[in-house]
Amino acid sequence: MTVESTAAARKPRRASKRTSAAKKPQSAEPQLVQLLTPEGERVEHPDYSIDLSAEELRGLYRDMELTRRFDAEATALQRQGELGLWASLLGQEAAQIGSGRALRDDDYVFPTYREHGVAWCRGVDPTNLLGMFRGVNHGGWDPNSNNFHLYTIVIGSQTLHATGYAMGVAKDGADSAVIAYFGDGASSQGDVAESFTFSAVYNAPVVFFCQNNQWAISEPTERQTRVPLYQRAQGFGFPGVRVDGNDVLACLAVTRSALERARRGEGPTLVEAFTYRMGAHTTSDDPTKYRADEERAAWEAKDPILRLRTYLEKSGHADEAFFTALEEESETLGKRVREAVRAMPDPEPMALFEHAYADGNSLVDEERAQFAAYQASFADSAEEGK
């Protein structure tokens with residue numbers, strides 16, 4: 001056999017190996033923890049149960065409805081040039097409100113930049129969320145006032161912050177818990193893997209809440225993982241669970257269980273909320289370039305707000321007067337947000353140097369003086385031109 005014929009004979013085998021390695025493992029789709037079907041039917045789960053009053057159910061609906069209204073107003077404000085950017089939560093209301101309402105006051109939250117619903121549950125004024133996106137501050141609230149950390153733009157880093165904070169909570173002997181939010185895209189970051197390692201080894205009282213909205217900007221989940229995300233927890237030595245992220249009741253029950261487990265000293269849990277980002281990743285993104293309209297239409301049928309409304313109406317837990325009053329409240333919120341954003345004052349230029357160091361720094365002092373002189377030069381130029 002010639003050298004050429006030998007090489008030709010080997011080619012198919014090498015191609016076959018590449019094809020085999022690229023194939024996704026064939027496995028049945030994992031079951032979701034679900035307590036409320038897309039059709040608004042109440043179902044039971046053997047491991048997670050929840051018993052809520054009619055008032056509590058209406059409260060969850062109100063939370064989701066007002067959060068969506070706020071989100072829509074913020075998106076409109078960005079389109080009108082009032083905000084530089086906005087990251088919408090459209091479609092993820094159940095995951096955020098359900099998990100947010102599972103928290104105790106003394107629990108601590110480490111969010112990403114999309115947890116507007118969780119911020120609502122923690123009592124953060126919605127208008128405070130908009131300052132950063134308008135460019136007038138770096139976060140308009142005191143994290144310690146609501147146990148809700150500032151929004152984190154660096155992908156995945158907040159999971160390390162949460163793990164360290166949870167380790168401190170354990171050393172202090174407190175029975176509170178910590179929750180860290182991140183997306184399916186962030187699950188590919190090394191910071192998240194390190195957080196899993198440390199939290200497991202130190203048995204930290206932390207819940208990792210992953211909102212798997214199917215798309216990390218333009219990359220689908222199947223290009224990031226060969227197993228369901230919640231199963232990754234097994235390799236680190238703690239449990240993971242997948243919940244229907246469009247079912248506010250299931251998200252509440254599963255998160256509450258995971259938080260209680262953390263408080264009992266049993267370590268971390270990974271919760272994967274299987275949901276969908278209905279809109280763009282941010283207002284600078286165009287999702288029509290990478291996903292089909294049919295996909296969004298299929299998820300619209302699983303809308304988290306619509307399914308709870310259907311259940312409320314079927315069960316008689318809410319009447320038309322409730323929905324009418326809520327619509328009026330929603331409009332009032334939208335108006336307040338619009339007025340508050342447009343009234344936000346521009347920051348003082350010298351504020352740039354504040355809070356860089358707790359006790360000051362000689363280099364920062366030097367830079368402040370240089371910048372002050374630079375600013376003053378404009379006033380001098382304007383005076384000379386008179």
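Is Ser330 buried or exposed at 5% relative accessibility? In this predicted model, Ser330 counts as buried, because a relative accessible area under 20% is the criterion for burial and the value for this residue is 5%. Ser330 is located in helix α13, which spans residues 320–342. Beyond its sequence neighbours up to four places away, Ser330 touches Leu66 and Arg69. With Arg69 there is also a polar contact, in which the two side chains are joined at 3.5 Å. Relative to Tyr181, from which Ser330 is 149 residues apart along the chain, the C-alpha separation is 26 Å.

At the level of the whole protein chain, the secondary structure consists of 14 helices and seven strands. Taken along the principal axes, the C-alpha atoms fill a box of roughly 90 × 75 × 50 Å. The chain comprises 386 residues, of which 46% are buried. Among contacts with a sequence separation of 6 or more, 75% are accounted for by residues 24 or more positions apart.

Packing between helices was examined for α2 and α3. Two packed helices are described by the angle between their axes and by the distance between those axes. Helix α2 covers residues 54–79 and helix α3 covers residues 93–100; their axes come within 10 Å and cross at roughly 130°. The two helices are therefore oblique to each other, since an angle over 145 degrees would be needed for a roughly antiparallel arrangement and one of 65 to 115 for a roughly perpendicular one. The crossing of α2 and α3 is right-handed. On the side of α2, the contact is made by Leu60, Asp63, Met64, Thr67 and Arg68, and on the side of α3 by Glu93, Ala94 and Ile97.

The buried set consists of Glu93, Ala94, Ala95, Gln96, Ile97, Gly98, Ser99 and Gly100.

Glu272 is placed in β7, which runs over residues 269–274, and it counts as buried because its relative accessibility is 0%. A polar atom of the Glu272 side chain lies 3.0 Å from the backbone nitrogen of Tyr230. With residues up to four places away in sequence set aside, the contacts of Glu272 are Cys210, Asn212, Pro228, Leu229, Tyr230, Val241, Arg242 and Val243. Tyr230 is accordingly one of the residues touched by Glu272 and the one whose backbone nitrogen is approached by its side chain.

Asn147, a residue other than glycine, has a positive phi near 50°. It lies in the loop between α6 (143–146) and α7 (157–172), and with a relative accessibility of 16% it counts as buried. Asn203 likewise has a positive phi, of about 55°, although it is not a glycine. Its place is in the loop between α8 (190–201) and β3 (206–212). At a relative accessible area of 35%, Asn203 is partly exposed, whereas Asn147 is buried.

Definitions and conventions:
Residues numbered from 1 in each chain as written. Predicted model: local features only at pLDDT ≥ 70, side-chain atom pairs only at ≥ 80, totals over all residues. Heavy atoms only, no water. Helix = DSSP H or I, 4+ residues; strand = E, 2+ residues; numbered from the N terminus. Buried < 20%, exposed > 50% of the residue type's maximum accessible area, 1.4 Å probe, protein only. Polar contact = N/O pair within 3.5 Å; in protein donor to acceptor, adjacent residues only side chain to side chain. Contact = heavy atoms within 4.5 Å. Axes fitted to C-alpha atoms, helices over the stretch in contact; angles between N-to-C directions. Parallel < 35°, antiparallel > 145°, perpendicular 65-115°, else oblique. Left-handed = near helix turned anticlockwise from the far one by under 90°.
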